[in-house]
Amino acid sequence: MERLQAAPDQTGPDSLLSHWSLVYRPLAKNRGRRPALFLDRDGVIIEDVNYISDPNDVQLIPGVGETIRHFRSAGFTVVVVTNQSGIARGYFDRDAYLRVERRIRELLAADEPDAVYACPFHKDGRPPYNVEHPWRKPSDGMLRASSVALGIDLKKSLMVGDSLSDIQAATAAGVARAFHVLTGHGRMHRAKVEQLCETLDTRAPSSTQVSCVDSIATVFSAFQAS
Ligand SMILES: [Mg+2]
């Protein structure tokens, strides 16, 4: 006999999630599970200007387009995973977020990512976003949700981030490799990332290998060199 499942909660915070996962490029059919290049946004793809809400402030970090192009040619799906607590905190709204996204797509043109997942939640924010949500890095909810929706093999995937929480999300999801960059908050977080590396059991088969690089511009060559 079939068991009835509880109806999904259509009023809780998870009913909002479809607003915050944007798929820009059609996914190829019958392609199996592919690796992803997960990218943090602020401080990795664009200069971090603290709660960016004006499209005129968008400035690409050099090398991002080439890096996306190289990984896409190598068979990777490119997924941006970005904490946007400025929404919960009331600093800007979804329309402002979308205007910034549109500007980033314009500047990246053919090198735009396949999808963008954003986490608008923060426990100290305003309703309905004032929850501790599993999408918020250092939790790995955005990586896991996109892996289900987009057919991603997490164990073969990579993450690039400037914050300790990006690297923690990568290790929580069990991706193969994480790259810490010095752009954005990278300089401030590098020592903490190095401390985290000392605690990782690199012999464990599911362990994430963490590499420290200068910026997104050197990630593809660092990936190829290993
Ligand atoms: Mg960042």
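Me: What share of the 226 residues in the protein chain do buried residues make up, and what makes a residue buried?

Reply: Buried residues make up 39% of the 226 residues. A residue is called buried if 20 or more other C-beta atoms lie within 10 Å of its own, exposed if 12 or fewer do, and partly exposed in between, with C-beta atoms placed from the backbone. The model is predicted: local features need pLDDT of at least 70 and side-chain atom pairs count only at pLDDT 80 or more, while totals for chains, interfaces and linings use all residues. Residues are numbered from 1 along each chain as its sequence is written.

Me: Why is Leu143 called buried?

Reply: Leu143 has 25 other C-beta atoms within 10 Å, and the definition asks for 20 or more; Leu143 is therefore buried. Its place is in helix H4.

Me: Which residues is Leu143 in contact with, leaving aside its neighbours within four places in sequence?

Reply: The partners of Leu143 are Phe38, Val81, Leu154, Ala169 and Ala173. Contact here means that the C-beta atoms of two residues, placed from the backbone, lie within 7 Å. The C-alpha atoms of Leu143 and Ala170 are separated by 8.1 Å, although these residues are 27 apart along the chain. Across the protein chain, 70% of the contacts with a separation of 6 or more join residues 24 or more positions apart.

Me: Which other residues of H4 are buried, and what do the buried residues of H4 pack against?

Reply: In helix H4 (residues 141-150), Gly141, Met142, Ser146 and Ser147 are buried along with Leu143. The buried residues of H4 pack against strands E2 (36-39), E3 (77-83) and E4 (115-119), and against helix H5 (164-173). Just after H4, Gly151 takes a positive phi of about 70°.

Me: What makes a run of residues a helix or a strand, and how many of each does the protein chain have?

Reply: Helices (H or I, at least four residues) and strands (E, at least two) are DSSP runs, numbered from the N terminus. The protein chain has seven helices and seven strands.

Me: Why is the protein chain called as compact as a globular protein of that length?

Reply: Its radius of gyration, taken over C-alpha atoms, is set against the globule rule of 2.2 Å times the number of residues to the power 0.38. The chain has 17 Å, close to the 17 Å that the rule gives for 226 residues, so the description holds.

Me: Where is the kink in H6 centred?

Reply: The kink of about 25° is centred on Lys192. The bend at a residue is the angle between axes fitted to the seven residues ending there and the seven starting there. Among the residues of H6, Gly186, His189 and Val193 are buried, and they pack against H5, strand E6 (177-180) and strand E7 (209-212).

Me: What makes E2 and strand E5 (residues 158-161) a pair?

Reply: Two strands pair if DSSP finds at least two bridges between them. E2 and E5 have three, in the parallel sense, so they meet that definition. In E5, Val160 is the bridge partner of Leu39.
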